[in-house]
Amino acid sequence: MLSRPAEASIEPMTYRFFTPAPAKAATGVTAEVYRQLRDEFLGPVPTFQALSAVPEVLAATWALMREALLAGDASRVDRELVASAVSRANRCRFCVDAHVMLLHALGEHELAEVVARGGTPPEPRHAELVAWAEASRSPKAAGWTSPYRPEVTGTLLAFHFINRVVSALLDPDLLPGGLQRSPLVRSVGGRLYARTARELKEPGRSLPLLDAGATAAPDWAGDSPVGVAYASLRSAAMRGGDLLGDVARQTVTATVRWEDGKFPARPADWAVDLVRDVPGTDRIGTRIALLAAFAPSAISAGDVALWRLSHPADADADLVRLVAYGAITATDHVAQALSSAHL
C-alpha cells in the first residue's frame, strides 16, 4: 500500500488541470471508496482522486475496476495482462507503467518486461489475450466480441474508460522523471505491492457504494457483480452529456460510431473540423468530449480555460463530468459489440 509520504511526493506533479482535495479530507462515499482502495489496492492513487469531484463517477469507476480486475477467481495475471494491453492500445503510458508493475507484483517478471517493451508474449494463450484486448480499440473494424468470462471482459471495459480519464486529467509519468520506466524500478516497485496484489478479494464489496437507480446489468455479464458495476458507471458517466445540447451529444455519439477508435493524426485540427456545425455555446464542450473519446492527452490548458469561462460555478467537477462522458461513450461503443452468446 502506498504510504502517505509516497502519495504526497507524486501528487503535485501528477494533475494536469486541477489538484483534488487531499484524501484525508474526504467524506461520505468518497471516504468509503478511499478506505476500500487502502484495503484492497494501492491506496487512493491519483487516478481515483482525479474523479473525486464527482463522487458517483468515482464510486462506479472503483466498483467496475474492483469487481472486474481484483475480485473473483479469474486469473489475476490474465486480467493484469488485459489491463496492460488495452492501455497500450489506447496509448496511456501512465496505465501501462502501473499495470506492468503489478505484473511484477504477481511474480510475472519476464511477461511484465515483454509488455513494457511493446512485445508479444511468448506463451500462445497470453499472446491471444493481448491481441484480443488490443483489437477492441476498433471493435467494428475487427469484428470484435468476447469469448472470455465477465471479469476479463469487464477489466477490458474498465480500462477503456480509465485510460481516457487518466490521459485527459493526469501527466503521463507515474513517478518523477519517468522513473517507472526503469526495469529495476518496475521490479522493485512490484515486489513492494506483491502481498496486496496476491490477496483474494470477495466479489460484491463495492456494490453498496453504487446508485441504486442504475440501469439493468448487460447480458454479457450474466449475474456477475461486474455487470452491475458497468451499468452503474455507464449511467453515472453518461450524465455528463447533460452539460451539452442535443446536437452536441449527437455529434459525439455519431463520431464515436463512425470513427471506430481511429487515432486522429492531428487531434486539435480534427476536433475543430468536427464541431463547426455545433451551436457556438457547445463547441468547446463538444471538442473536449470528442478528444476524451479519441485522443484525451490532446486536451489542452486552452481548451479547459475556455470551458471554465462558461462553467465557472463548478468548473472542476463539470470538467470531470465532460471527460467521463466522452470516455464512456467510447467505452460503450466497445461494450455494444458484445453478445450474451459469447459468454
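This is a short tour of a predicted model, one selection at a time.

**Stop 1: a loop residue**

Start by selecting Tyr 193. You'll find Tyr 193 in the loop between helix 11 (183–192) and helix 12 (194–198). Buried or exposed, what would you guess for Tyr 193? Tyr 193 has 10% relative accessibility, so it counts as buried, the cut-off for that being under 20%.

**Stop 2: the nonpolar core**

Next, pick Phe 161 and Leu 169. Both belong to the largest nonpolar core, a group of 106 residues, and they are the ones with the most contacts inside it. Which helix gives the most to this core? Colour helix 18 (residues 315–335) to see it: helix 18 supplies 12 residues.

Now zoom in on Leu 169 and show what is in contact with it. Skip its neighbours within four places in sequence, and you'll meet Thr 14, Tyr 15, Arg 16, Phe 17 and Phe 18, among others. Ala 50 is in contact with Leu 169 as well, and so are Leu 319, Val 320 and Val 323.

**Stop 3: a charged pair in helix 18**

Stay with helix 18 and select Arg 321 and Asp 318. Both sit in this helix, 3 residues apart, which is about one turn. Their side chains meet in a salt bridge, at 2.8 Å from N to O. Why might such side chains get together? Side chains of opposite charge can pair when their charged atoms come close.

Check the surroundings of each partner. Asp 318 has a relative accessible area of 10%, so it is buried. Arg 321, at 25% relative accessibility, counts as partly exposed.

While you're on salt bridges, select Asp 39, Glu 40, Arg 66, Glu 67 and Arg 205 together: salt bridges with shared partners join them into one network.

**Stop 4: two other pairs**

- Arg 276 and Asp 273: their side chains form a salt bridge of 3.0 Å, N to O. Arg 276 is exposed, with a relative accessible area of 52%, while Asp 273 counts as partly exposed at 47%.
- Arg 125 and Glu 123: the closest N and O atoms of this salt bridge are 3.6 Å apart. Arg 125 is partly exposed at 44% relative accessibility, and Glu 123 is partly exposed at 37%.

Definitions and conventions. Residues numbered from 1 in each chain as written. Predicted model: local features only at pLDDT ≥ 70, side-chain atom pairs only at ≥ 80, totals over all residues. Heavy atoms only, no water. Helix = DSSP H or I, 4+ residues; strand = E, 2+ residues; numbered from the N terminus. Buried < 20%, exposed > 50% of the residue type's maximum accessible area, 1.4 Å probe, protein only. Core = buried A, V, L, I, M, F, W, Y, C linked by side-chain atoms within 4.5 Å. Contact = heavy atoms within 4.5 Å. Salt bridge = Lys/Arg side-chain N within 4 Å of Asp/Glu carboxyl O.
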